[in-house]
Amino acid sequence: VQLTVAVTDSAVSWTSLSNGYLTSQFYTAAIDPATPGSRVVVGGLQDNGTHFTNSSQVTNAWQWVSGGDGSYCAVAPGCAYFYFSKQEGKTAKVRLDTLTGTVLAYERIDPISPGEYRFINPFILDPNNSDIMYMAEGRRLWRNDDLSQIALNNGWDSISTNWVQLPDTVPGSDIEISTLAASTT
């Protein structure tokens, strides 16, 4: 934010009013579902990638951990793994240093498919088993039955490992899955 009081001058002078003002728009955020009081938070931000914090101080800077348009994210219990996505369903399984937010290893894990993903495409971890993931793709729903079998080799290609496309997910040709939820029961 800047201000000028003489917009018609031949050399316009601007004064910054930002005073450290920062703004970001989260699409999603995730916390560790198994550790009460954990300060670990990750969030996907519009146009600004995915960021991480483990600080309760609101003025502390967050660590950038993934690029693109930050989208959906999830944290496996105990911060064992983190899952980040960006535009058009590109999703990664990530191991982070939970003190610094440094990425230690990653692997892209979205299923090999026609790629009819929404720009900000939903996925969730099963609340009863964090090694199971559900991911929307247009009218289809995919399930990965064992994320633990996906090694982190710093690769960035879609995979087929343990992905199953659920049959006849959504009837009709103009309906897309836009959100997902799973019950613990």
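R140 forms a salt bridge with E116, the closest N and O atoms being 3.1 Å apart, where a salt bridge is a side-chain nitrogen of Lys or Arg within 4 Å of a carboxyl oxygen of Asp or Glu. Because R140 lies in strand β13 (residues 140–144) and E116 in the loop between β10 (103–108) and β11, the pair ties together parts that are 24 residues apart in sequence. Strands here are DSSP runs of E with at least two residues, numbered from the N terminus.

This is a predicted model, in which local features need pLDDT of at least 70 and side-chain atom pairs count only at pLDDT 80 or more, while totals for chains, interfaces and linings use all residues. Residues are numbered from 1 along each chain as its sequence is written, and side-chain values use heavy atoms, with hydrogens and water left out.

R140 is buried, with a relative accessible area of 18%, whereas E116 is partly exposed at 42%; buried means under 20% relative accessible area, exposed over 50%, and partly exposed in between, with a 1.4 Å probe and protein chains only. A network of salt bridges links E116, E137 and R140. E137 belongs to strand β12 (residues 129–137), and it counts as buried because its relative accessibility is 0%. A polar atom of the E137 side chain lies 3.0 Å from the backbone nitrogen of E116, and the E137 side chain also makes a polar contact with the side chain of W142 at 2.8 Å. A polar contact is a pair of N or O atoms within 3.5 Å; within protein, one must be able to donate a hydrogen and the other to accept it, and residues adjacent in sequence count only if both atoms are side-chain atoms. Beyond its neighbours within four places in sequence, E137 is in contact (heavy atoms within 4.5 Å) with S113, P114, G115, E116, Y117 and W142.

The whole structure holds 6 salt bridges, among them the following pairs.

| Pair | Closest N to O distance |
|---|---|
| R140 and E116 | 3.1 Å |
| K90 and E88 | 3.5 Å |

In the pair of D110 and R108, D110 is buried with a relative accessible area of 1%, and R108 is buried with 12%. In the other pair, E88 is partly exposed at 41% relative accessibility, and K90 is partly exposed with a relative accessible area of 21%.

**A buried lysine without a partner**

K93, placed in strand β9 (residues 91–96), is buried yet has no salt bridge, and the nearest side chain of opposite charge, D131, is 5.9 Å away. A polar atom of the K93 side chain lies 3.0 Å from the backbone oxygen of I150. With neighbours within four places in sequence left aside, the residues in contact with K93 include Y81, F82, Y83, E107, L147 and I150.

How values were computed: Helices (H or I, at least four residues) and strands (E, at least two) are DSSP runs, numbered from the N terminus. Lys and Arg count as positive and Asp and Glu as negative; His and the chain ends are not counted.
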